Amino acid sequence: MKAQTMRRVRQYHFYLGMFFAPAILLFALSGALQTFRLQETKGYGGTPPGWIVWMASVHKDQSLPRENHTTLQAIKPSALVAQVPRSGQDRPFTLISPLPLKIFVALMSLGLLASAILGIVIALTNRTMRRRSMIVLVAGVALPLLLLLS
């Protein structure tokens, strides 16, 4: 690629990254929490904190939690087992343990959080682009909040 094209690609990457970084942080963290069902009473081991319920509601429903629906209904353990028949056999197979995949998803979420935070830090430490970085970052926070509250 030509140098001018690469410069433009880096600019697009910069603006998109800074604008969507706040949402990436929110969804990565809330997704990691939901992987272990921490927004549910049964998953948390009691009444989950309001901030976890808030994040889960925004993540899953794209709305603020309602007062009468602060925690999600507990899922029956039988619903967590996949019942898919194998070809040519009558008996279904069951997934032994979802824990390894849950751990992978949590680690992926942490990696995404770290990557987004590092990108923000890199952008804000560049003196020539600091002002633009702040403007785009604030817009990336403000726009979703305005859409959520409207």
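**Ground rules.** I am working from a predicted model, where local features need pLDDT of at least 70, side-chain atom pairs count only at pLDDT 80 or more, and totals for chains, interfaces and linings use all residues. Residues are numbered from 1 along each chain as its sequence is written, and side-chain values use heavy atoms, with hydrogens and water left out.

**Core.** I looked up the largest nonpolar core and found 8 residues: F14, M18, A21, I120, A123, M129, V136 and L137. Such a core is a set of buried Ala, Val, Leu, Ile, Met, Phe, Trp, Tyr and Cys residues joined through side-chain atoms within 4.5 Å. Buried means under 20% relative accessible area, exposed over 50%, and partly exposed in between (1.4 Å probe, protein chains only).

I then checked which elements give two or more residues to this core, and they are α1 (3-35), α4 (99-125) and α5 (130-149). The most comes from α1, with 3 residues. Helices here are DSSP runs (H or I, at least four residues), numbered from the N terminus.

**L137.** Setting aside neighbours within four places in sequence, I found L137 in contact (heavy atoms within 4.5 Å) with M18, A21, P22 and I120.

**Aromatic pairs.** I found 2 of them. Rings of Phe, Tyr and Trp (its six-membered ring) pair if their centres lie within 6.5 Å; planes under 30 degrees apart are stacked, over 60 edge-to-face, the rest tilted.

F14 and Y15 pair edge-to-face, at 4.9 Å centre to centre and 65 degrees between the planes. F14 counts as buried because its relative accessibility is 12%, whereas Y15 is partly exposed at 30%.

F19 and F20 are also edge-to-face, at 5.0 Å and 85 degrees. I noted F19 as partly exposed at 23% and F20 as partly exposed at 42%.
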